[in-house]
Amino acid sequence: MKLRVLSDYPAIVVLFIWMLGPLIATIYYSLIRYNLLNPRIKGFAGIENYEFLLTDFVFTDSIYNSIQLLGSIIGITVVLGLLISYLLDQDLYGGRLLQLVIISPFFVMPTVSALIWKNLLMHPVNGYFTYLLGLFGLPPIDWFADIPLGSIIIIVSWNWLPFAVLVFITAQQSMSLEIKEASKMDGAGHLAFFFQIYLPHLGKAIGAVVMIQMIFHLNIFAEIFTTTTGGPGTQTTNLAFLVYRKALLDFDIGGASAGGIISIVFANIVAIFLLRMIAKNMNSD
Amino acid sequence: MGSINLVGVSKSFGDVLVIPSVDLEVNEGEFVVFVGPSGSGKSTLLRLIAGLEEVSKGRIEFNGQDMTNLAPAKRGLAMVFQSYALYPHMSVRENIGFPLKMAGMPKSEIAAKVQEAAKILNLSEYLERKPRQLSGGQRQRVAIGRAIVRQPKAFLFDEPLSNLDAALRINMRLEIMELHQQLKTTMIYVTHDQVEAMTMADKIVVLDHGNIEQVGSPLDLYRAPDNLFVAGFIGAPKMNFLTGGEASRHNATTIGVRPEHVQISKSSGLWTGKVGVSEHLGSDTFLHVNVEGQQAPLTVRTDGEVQLNYGETIYLSPEEDKVHKFDNNGKAIR
Ligand SMILES: Nc1ncnc2c1ncn2[C@@H]1O[C@H](COP(=O)(O)OP(=O)(O)OP(=O)(O)O)[C@@H](O)[C@H]1O
Ligand SMILES: [Mg+2]
């Protein structure tokens, strides 16, 4: 039997071209000298672009920032998400409405949410937080200057917390009422129930939330672009923003492409080690 | 130390009154079965005793002490659920040991108690398995194991066998009865299966629409049902009810005769009828006979070897001393 790739698997072929085209182009650009401000410098660069980038302190900072963003946002959304969905499960008065309110930030697009936080809440003069601090006689915080990375983490976590809550609520609905009642009869209080029955039950859901957020938060861009534009200094520059900076602020296409390739490698490292670990965990039972 | 007393207990969900008012005494060591049709409030009553539902009115006493508002875990009762309610991510060992762990018992003691329970229930080989690696009967035994390790004052069972196949059900029924003999602990058992009720109970509580229709030993209920509902519910196949002339001859609105208390003859008898379908069970045969002047066919039990054809005319006579009489409120006339 002859395998006709093009006619038997058209989708795969299209997908390959779709993915491979840009990838090959990026690899090509990352290996040449290509700066829009200086078109006369050209020719094969070898690993020069990579070398330049890897030895640049901005690059090391951006890797570090990327990891910090990823870890903190996932940590915050998972922990808070679990607590909130557990609370929502407790037959609270007005629980339905609360659920809706908690989920609504998910429908706000990142740029808009960043602007809301920047101008409405975190503004050092007119912001609501400044007003609240003032009520207690505390000095205002200039969020994006004093704790820039922390501010971004807060904004993205606020945006993504609903996602975690939604997944956890869905997952907890599959827990049978009888199991909850049995644990009550067995003398498990809230703490024991949460850690010994609720958490193990949500294991897979937690895995899914971590995995999906890993994929999305490696490329946080809109929130950084609209608030701090990577600064002050390099404090909020992550890999995605570094690539943007190289390409569209420094007009260094070669360097930007090298950054792109490094991001891909970085994403793959995350994917291979962490995602596999989680996926394995999820398959195990 | 396991007597339970319900005094004027009533329960409503919102404005739906599910249990109007129940008074019941369960004595120490008794095996009490709640039986009744679906929706009659059996589970609700059991859950009130367990503390999983709040009592709307009335009192629940254990050994004379008021326990109405005590948390479920504090009541010293163990419950076995219809769906087993095992913790899926814990091994059998952890499942059985869970209530002891929650009570803060030292590990070595827990291990010993789990071993002991596993031995009683033939689960020793399966201690490291997860619930999903067990058969239905084994899961049910784990659920029972989890109940017995705590040495509760009483066991509560809510239709524990209804998810098992018929053969296993009979087996587990015997095992639970055996367990009751060994432990001598009070047990309250909910079922809608009147055969289970008859075979297991020291005392049957028949419920309908949240009301207790009658309380008594299985034979009491069989011999002297208080009303039409109990008469129709206890006994298989169901008691035959006749109205009209036959009933007024006994000075009653309705009379009832059990299928096993009717004599058949091919030549003469009190009632004339035509043979309808018959069910051959081997040991017995149940004939459905269309009697003149009665709408519903009568069920009659005969021995297994009887040969009668469909449509044949036969004569039936009830055993007069076993005829149950009911007035126009459905109450028994004695
Ligand atoms: N949480 C609840 N809210 C409202 N009504 C309820 C609730 N639980 C039970 N009921 C009602 O109470 C009545 C008795 O229910 P219950 O579960 O006690 O019946 P049951 O005798 O156990 O029936 P089954 O044999 O089907 O299990 C039913 O009419 C049911 O609809
Ligand atoms: Mg029920």
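Ala, Val, Leu, Ile, Met, Phe, Trp, Tyr, Cys and Pro count here as nonpolar, Asp, Glu, Lys and Arg as charged, and the others, Gly among them, as polar. The model is predicted, so to speak of local features a pLDDT of at least 70 is needed, side-chain atom pairs count only at pLDDT 80 or more, and totals for chains, interfaces and linings use all residues. Residues are numbered from 1 along each chain as its sequence is written, chains are lettered from A in the order in which they are written, and side-chain values use heavy atoms, with hydrogens and water left out.

A cavity is a set of points on a 1 Å grid over the protein atoms alone where a 1.4 Å probe fits but cannot get out; a pocket is an open set with protein on both sides within 12 Å along at least five of seven lines, and lining residues have an atom within 4 Å of a point. Volumes are the space filled by probe spheres set on the points, which are joined across faces, edges and corners. One cavity of 30 Å³ or more is found, and the largest cavity holds about 50 Å³ of space. Its lining draws on both chains: A:A182, A:M185 and A:D186 on one side of the list, B:A78, B:M79, B:F81, B:R146, B:A147 and B:R150 on the other. That lining divides into six nonpolar, no polar and three charged residues. At least two lining residues each come from α10 of chain A and from β6 (77-80) and α4 (136-148) of chain B; helices (H or I, at least four residues) and strands (E, at least two) are DSSP runs, numbered from the N terminus.

B:R146 of that lining also has its charged end over the ring of B:Y87, 4.7 Å from the centre. Such a contact requires NZ of Lys or CZ of Arg within 6 Å of the ring centre and within 35 degrees of the ring normal. B:K11 does likewise with B:F13, at 5.0 Å from the ring centre.

Helix α10(A) turns up again at the largest pocket, where it gives the largest share of the lining, five residues. This pocket has a volume of about 840 Å³ and 24 lining residues, with A:D89, A:Q90, A:D91, A:L177 and A:K180 nearest its centre. Nine nonpolar, eight polar and seven charged residues make up the lining.

Now for the rings. Rings of Phe, Tyr and Trp (its six-membered ring) pair if their centres lie within 6.5 Å; planes under 30 degrees apart are stacked, over 60 edge-to-face, and the rest tilted. Over all chains there are 27 aromatic pairs. In one of them, A:Y28 and A:Y29 are tilted because their centres lie 5.5 Å apart with planes at 55°. B:F241 and B:F326, with centres 6.2 Å apart and planes at 75°, are therefore edge-to-face. This pair links distant parts of the chain, from β11 (residues 240-243) to β18 (residues 324-326) of chain B, 85 residues apart. Is B:F326 buried or exposed? At 0% relative accessibility, B:F326 is buried, whereas B:F241 is partly exposed at 28% (buried is under 20% relative accessible area, exposed over 50%, partly exposed in between, with a 1.4 Å probe and protein chains only). In chain A, ring pairs join A:Y86, A:F193, A:F194, A:F195 and A:Y198 into a cluster.
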